[in-house]
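Dear colleague,

Please find below the structure that I am handing over to you. I would be grateful if you could look through it alongside the findings set out after it.

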Amino acid sequence: MPDKPESGKTTKASIPITGMTCTNCAITIEKGLAETPGVEYANVNFGSEKASIAYDPNKVSLSKIKKTISELGYGIATKKSIYPSAG
């Protein structure tokens, strides 16, 4: 049985997105990602502010996917910090 070619591998990622104000924002991001070569699946959840993406790393990089989201006008959350407030 021959080995499968490396180009058929799918990688999944969950990317936290900032700047969405409504469900239409999520749809806009989904469409933009779906048009990106190498992205096999994109589902953006407005409520959880996350994009679940399946992509071929041999065709598109995660940094290119993040750049596409930025070019659509949205941000990528890098870290959530909670600071105590003096009361």
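This is a predicted model: local features need pLDDT of at least 70, side-chain atom pairs count only at pLDDT 80 or more; totals for chains, interfaces and linings use all residues.

Helix α2 and its buried side

Helix α2 spans residues 62-71. Three of its residues, Ile 65, Thr 68 and Ile 69, are buried. Viewed along the axis of α2, the buried residues fall within an arc of 100°, and they therefore line one face of the helix. As for their packing partners, the buried residues of α2 pack against the strands β1 (11-18), β2 (39-45), β3 (50-55) and β4 (75-76), and also against helix α1 (23-34).

The opposite face and the salt bridge

On the face of α2 turned away from the buried side are the exposed residues Ser 63 and Glu 71. With a relative accessibility of 54%, Glu 71 counts as exposed because the cut-off for that class is over 50%. Glu 71 also forms a salt bridge with Lys 67, in which the closest N and O atoms are 4.0 Å apart. Side chains of opposite charge can pair when their charged atoms come close. Both Glu 71 and Lys 67 belong to α2, where they are four residues apart, or about one turn of the helix. The count for the model is one salt bridge.

Lys 66 and the end of the helix

Lys 66 is also located in α2. Its relative accessible area is 34%, so Lys 66 is classed as partly exposed, a class that lies between the limits of 20% and 50%. Once neighbours within four places in sequence are left aside, Lys 66 is in contact with Ile 15 and Ile 76. Between Lys 66 and Ile 15 there are 51 residues of sequence separation, while their C-alpha atoms are 8.2 Å apart in space. After α2 comes Gly 73, which has a positive phi near 100°.

The β2 and β3 hairpin

Strands β2 and β3 pair in the antiparallel sense, over six bridges. Within this pairing, Tyr 41 stands opposite Ala 54 in β3. The two strands, β2 and β3, form a hairpin with four residues between them. In the turn of that hairpin, Glu 49 has a positive phi of about 55°.

With kind regards

Terms used. Residues are numbered from 1 along each chain as its sequence is written. Side-chain values use heavy atoms; hydrogens and water are left out. A salt bridge is a side-chain nitrogen of Lys or Arg within 4 Å of a carboxyl oxygen of Asp or Glu. Buried means under 20% relative accessible area, exposed over 50%, partly exposed in between (1.4 Å probe, protein chains only). The arc is that of the directions from the helix axis to the C-beta atoms. Contact means heavy atoms within 4.5 Å. Two strands pair if DSSP finds at least two bridges between them.
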